[in-house]
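Below are some notes for a colleague who is opening this structure for the first time. Please read them with the model in view.

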Amino acid sequence: VRDSRRFLYGLLHLAHVASARSRNVIVDRVDDGLPCLPLKDHSRAKLDILGYYLAEFTRAMASKFPTLVYLDLFAGPGRGRFERSGEFIDGSPLIAARTKPPFKKMILVEEDRGHAAALRERLRLASPECIATIFEQNCNTAVDDIRREIPRFSQSSGGLTFCLIDPFDLGIEFATIKAFSDLRVDFLVLIADQMAGGRNVENYLRDDNETVSRFLDDSDWRPKWKVQEVEGVAFREFLVAAFSDKMKTLNFLAGDPYRVAIAGNNVPLYVLVLFSKHRLAMKFWDSALRNAPRQKSFW
Ligand SMILES: C[S@@+](CC[C@H](N)C(=O)[O-])C[C@H]1O[C@@H](n2cnc3c(N)ncnc32)[C@H](O)[C@@H]1O
């Protein structure tokens, strides 16, 4: 039964790629029996925007940069299931693998062993042609290994990398991003400003909690926050502004943050922010925010 479910998953997705070459975000009802992330409805917008952005990015850049690379630091198992509808959606690495023109190379980092194994299997079934290196490691400690996989930019073999940072919490360390910043890498970052940040302020404020210090690479953030708190700034606003300021110190421009809230009401959860050193990326981002389809189900 398990093998036939996986076979059906692979068949469906190969057929899908052949019939709808431009679509990289797919929702369906096929249970392949492998681990999935439980998803709320708001995850849909994130993946639709990602899919649209990646398609714009590779369409415009493939002819200019012979080696387009997709880097996913929190790759996940490759598939999620919406708790409300029971539908499945393929996750960011599969969306990237289906994007046309294709990325030449994919570097995927996932520290959970079961998730990494499921991801490997799904890529094998749905996108057998894709060239992927999967690191079963913590992205913050595997920086040197990851760096070695990223092609350097040169006129002849120009490498351009898109990096997705999609954690559940504030688990990305700024030092990790900084370690890639001399390469040509654009970052799309989910800042869990309220989902993790705003809900845990009291924990973060404890002296022995290093989450925010690592997220901002700034052990002096507490007094800075206290000043802002007195001025009426919300903790989540402080986090997004402080993180964006750190990116600016590395010469990154920031796109307009896309706010994701709980579906049906305005309770904020996280923001998606694009960072790039190049204006053209901001154009793609604006276009993705304006035009990303809110797709209907496949069924
Ligand atoms: C929100 S999920 C990623 C979802 C994925 N982008 C998608 O679209 O399906 C976050 C994933 O990161 C993994 N993870 C958490 N901390 C990590 C770390 N420090 N390094 C690498 N992976 C991590 C978790 O096991 C989880 O699978």
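1. Asparagine 251 sits in the loop that runs between α11 and β10 (253-254), and in this predicted model its phi is near 75°, a positive value in a residue other than glycine. Its relative accessible area is 59%, and because exposed means over 50%, asparagine 251 counts as exposed.

2. Another positive phi, of about 50°, belongs to aspartate 217, although this residue is not a glycine. Aspartate 217 is placed in the loop between α9 (211-216) and α10, and with a relative accessibility of 36% it counts as partly exposed.

3. Proline 101 is found in the loop between α3 (92-98) and β6 (105-109).

4. The structure holds 18 aromatic pairs. In one of them, the rings of tryptophan 225 and phenylalanine 238 have centres 5.6 Å apart and planes at 50°, so the pair is described as tilted. This pair links distant parts of the chain, with tryptophan 225 in helix α10 (residues 221-230) and phenylalanine 238 in helix α11 (residues 235-249), 13 residues apart. Tryptophan 225 is buried, at 3% relative accessibility, and phenylalanine 238 is buried as well, with a relative accessible area of 5%.

5. Valine 233 has its place in the loop between α10 and α11, and, when residues up to four places away in sequence are not counted, it touches Trp225, Gln228 and Phe238. Its contacts thus include both members of the tilted pair. Is valine 233 buried, exposed or partly exposed? With a relative accessible area of 23%, valine 233 is partly exposed. From valine 233 to phenylalanine 74 there are 159 residues in sequence and 29 Å in space, C-alpha to C-alpha.

6. Which residues make up the aromatic cluster? Tyr53, Phe57, Tyr70, Phe103, Phe162, Phe284 and Trp285 form one such cluster. A ring with a charged neighbour is that of phenylalanine 252, where lysine 277 lies over the face at 5.0 Å from the ring centre.

7. Helix α2 (residues 43-61) packs with helix α12 (residues 279-291) at an angle of about 140°, and their axes are 9 Å apart. The two helices are therefore oblique to each other, and α2 passes α12 in a right-handed crossing. On the side of α2 the contact is made by Ile49, Tyr52, Tyr53, Glu56, Phe57, Ala60 and Met61, while α12 contributes Leu280, Ala281, Phe284, Trp285, Ser287, Ala288, Leu289 and Asn291. Among these contact residues, Tyr53, Phe57, Phe284 and Trp285 also belong to the aromatic cluster.

8. Glutamine 137 lies in the loop between β7 (132-135) and α5 (143-149), where a relative accessible area of 26% makes it partly exposed. Leaving aside residues up to four places away in sequence, glutamine 137 touches Val109, Glu110, Glu111, Ala142 and Asp145. Glutamine 137 and tyrosine 70 are 67 residues apart in sequence and 17 Å apart in space, C-alpha to C-alpha.

Key. Residues are numbered from 1 along each chain as its sequence is written. This is a predicted model: local features need pLDDT of at least 70, side-chain atom pairs count only at pLDDT 80 or more; totals for chains, interfaces and linings use all residues. Side-chain values use heavy atoms; hydrogens and water are left out. Rings of Phe, Tyr and Trp (its six-membered ring) pair if their centres lie within 6.5 Å; planes under 30 degrees apart count as stacked, over 60 as edge-to-face and the rest as tilted. Helices (H or I, at least four residues) and strands (E, at least two) are DSSP runs, numbered from the N terminus. Buried means under 20% relative accessible area, exposed over 50%, partly exposed in between (1.4 Å probe, protein chains only). A charge sits over a ring if NZ of Lys or CZ of Arg is within 6 Å of the ring centre and within 35 degrees of the ring normal. Axes are lines fitted to C-alpha atoms, for helices over the stretch in contact, and angles run from 0 to 180 degrees between N-to-C directions. Angles under 35 degrees count as roughly parallel, over 145 as roughly antiparallel, 65 to 115 as roughly perpendicular and the rest as oblique. A crossing is left-handed if the near helix is turned anticlockwise from the far one by less than a right angle, and right-handed if clockwise. Contact means heavy atoms within 4.5 Å.
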